[in-house]
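Student: Hi! Could we go through this structure together?
Tutor: Happy to, let's open it up.

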Amino acid sequence: MFGRDKASETNLYSAAIPTIAVRANVATTRAPAAIAHELTVRLHDGRALGYAEFGDRAGTPVFYFHGTPGSRLEATLLADAASRQHIRLIAVDRPGFGLSDFLPKRRFSDWPGDLLELADALRIDRFGIVGLSGGGPHAAACALKLGDRMTAAAIVSGAGPPEAIVSEKGMVRRLISRFVMRFAPATTRISLWFAEQGLRHLPAWAITRFPDPKVLGRSAVRKAFQRDVVEGFRHGVRGAVAEYHLFARNWEFRLEEIDADVHVWHGEKDRVVPVAVGRYVAGAIPNAGATFVSDAGHLMIVDIADDVFAELRQQGG
């Protein structure tokens with residue numbers, strides 16, 4: 001499979017906390033291929049799980065897992081591609097984000113159960129999965145746990161486990177960042193709160209393009225991601241704090257245990273989760289496919305959605 005890149009790169013844990021947020025306005029987030037934006041199901045433990053549907057209602061079902069922080073509205077940018085590729089795209093808010101209730105002490109392995117309850121409620125037997133960035137580990141957990149219910153998974157710009165050390169140069173910075181996220185959650189909480197409050201009132205042109213200058217240089221895309229991230233903060237920042245804590249801890253499963261069809265997509269210019277992490281993930285998952293795009297950054301899914309969906313449709317056919 002793929003070797004572990006020793007280039008001088010760091011991984012997700014040494015990246016700055018994303019700061020692309022302004023006030024959400026769900027009413028203006030409508031896309032031509034959208035079906036519904038504010039939907040919920042009630043889970044067996046009483047929690048609400050929020051989701052939105054996009055694309056072709058009669059198409060191949062694919063569940064979409066947003067980045068961190070983020071929400072179901074992230075899939076607004078993929079709606080037209082889903083329609084073109086005949087995909088029924090169901091974007092789900094993870095616990096503590098958007099419309100979904102917070103789940104204390106949750107683990108990655110809790111997520112497949114939530115997803116199955118939603119799939120059963122929607123009477124969907126088999127489905128594909130896409131996980132972007134922080135959604136990547138959740139896609140990996142589903143690939144391990146869901147068996148034949150999942151046809152295939154795509155991990156795009158996905159975060160890696162703490163052991164995905166990609167360079168000696170970045171190791172000290174990564175360890176410091178991991179320590180802060182794991183043992184000083186108040187620091188992470190304060191940073192996220194300031195990021196949300198500070199950028200909430202900024203005009204669109206002032207929002208940082210750091211995560212992906214190429215994609216966020218487009219005004220319409222930048223505005224959509226702004227709405228997405230602030231919708232993710234609907235319940236405050238504790239969902240994001242809890243998730244960063246998950247990233248920093250040792251995962252309760254190993255990528256090597258996955259026996260499912262998984263394809264890793266990663267941009268070689270990713271500033272948030274360097275491509276070496278993608279290579280590590282692709283190398284750790286047995287028989288994983290991988291595509292590394294030379295001129296793409298962290299949000300490359302906006303530009304490659306047709307390719308990702310076409311492959312998932314083929315595997316789900």
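Tutor: One cut-off before we start: a residue counts as buried when its relative accessible area is under 20%. Also keep in mind that this is a predicted model.
Student: Good. Is Asp-114 buried or exposed, then?
Tutor: Asp-114 has a relative accessible area of 5%, and the cut-off is under 20%, so Asp-114 is buried.
Student: Where is Asp-114 found?
Tutor: In helix α2, which covers residues 111-121.
Student: And what does Asp-114 touch, not counting residues up to four places away in sequence?
Tutor: Leu-43, Arg-47, Leu-49 and Pro-95.
Student: Switching to rings. How many aromatic pairs does a search of the whole structure find?
Tutor: The search finds seven. One of the pairs joins Phe-65 and Trp-111, with ring centres 5.4 Å apart and planes at 80°, so this pair is edge-to-face.
Student: Which parts does that pair tie together?
Tutor: Phe-65 belongs to strand β3 (residues 60-65) and Trp-111 to helix α2, so the pair links parts that are 46 residues apart in sequence. Both Phe-65 and Trp-111 are buried.
Student: What about Phe-108 and Phe-253, how are their rings arranged?
Tutor: They form an edge-to-face pair as well, at 6.5 Å centre to centre and with 85° between the planes. Phe-108 sits in the loop between β4 (87-92) and α2, while Phe-253 sits in the loop between α8 (238-248) and β7 (262-267), so the parts tied together are 145 residues apart in sequence.
Student: Why does Phe-108 count as buried?
Tutor: Because its relative accessibility is 1%. Phe-253, at 6% relative accessibility, counts as buried too.
Student: Nice. Now arginines: which ring does Arg-94 lie over?
Tutor: Arg-94 lies over the face of Phe-97, 5.8 Å from the ring centre. Arg-279 lies over the face of Phe-292, at 4.9 Å from the ring centre.
Student: Let's zoom out. How many helices and strands are in the chain?
Tutor: The chain has ten helices and eight strands.
Student: And what share of the residues counts as buried?
Tutor: Of its 317 residues, 57% count as buried. As for the surface, the chain exposes about 12,700 Å², with carbon and sulfur atoms supplying 51% of it.
Student: Last one: how do the contacts between residues at least 6 apart in sequence look?
Tutor: Among those contacts, 80% join residues at least 24 apart.

Note on methods:
Residues are numbered from 1 along each chain as its sequence is written. This is a predicted model: local features need pLDDT of at least 70, side-chain atom pairs count only at pLDDT 80 or more; totals for chains, interfaces and linings use all residues. Side-chain values use heavy atoms; hydrogens and water are left out. Helices (H or I, at least four residues) and strands (E, at least two) are DSSP runs, numbered from the N terminus. Buried means under 20% relative accessible area, exposed over 50%, partly exposed in between (1.4 Å probe, protein chains only). Contact means heavy atoms within 4.5 Å. Rings of Phe, Tyr and Trp (its six-membered ring) pair if their centres lie within 6.5 Å; planes under 30 degrees apart count as stacked, over 60 as edge-to-face and the rest as tilted. A charge sits over a ring if NZ of Lys or CZ of Arg is within 6 Å of the ring centre and within 35 degrees of the ring normal. Accessible areas come from the Shrake-Rupley method with a 1.4 Å probe; for residues, only the protein chains shown count as cover.
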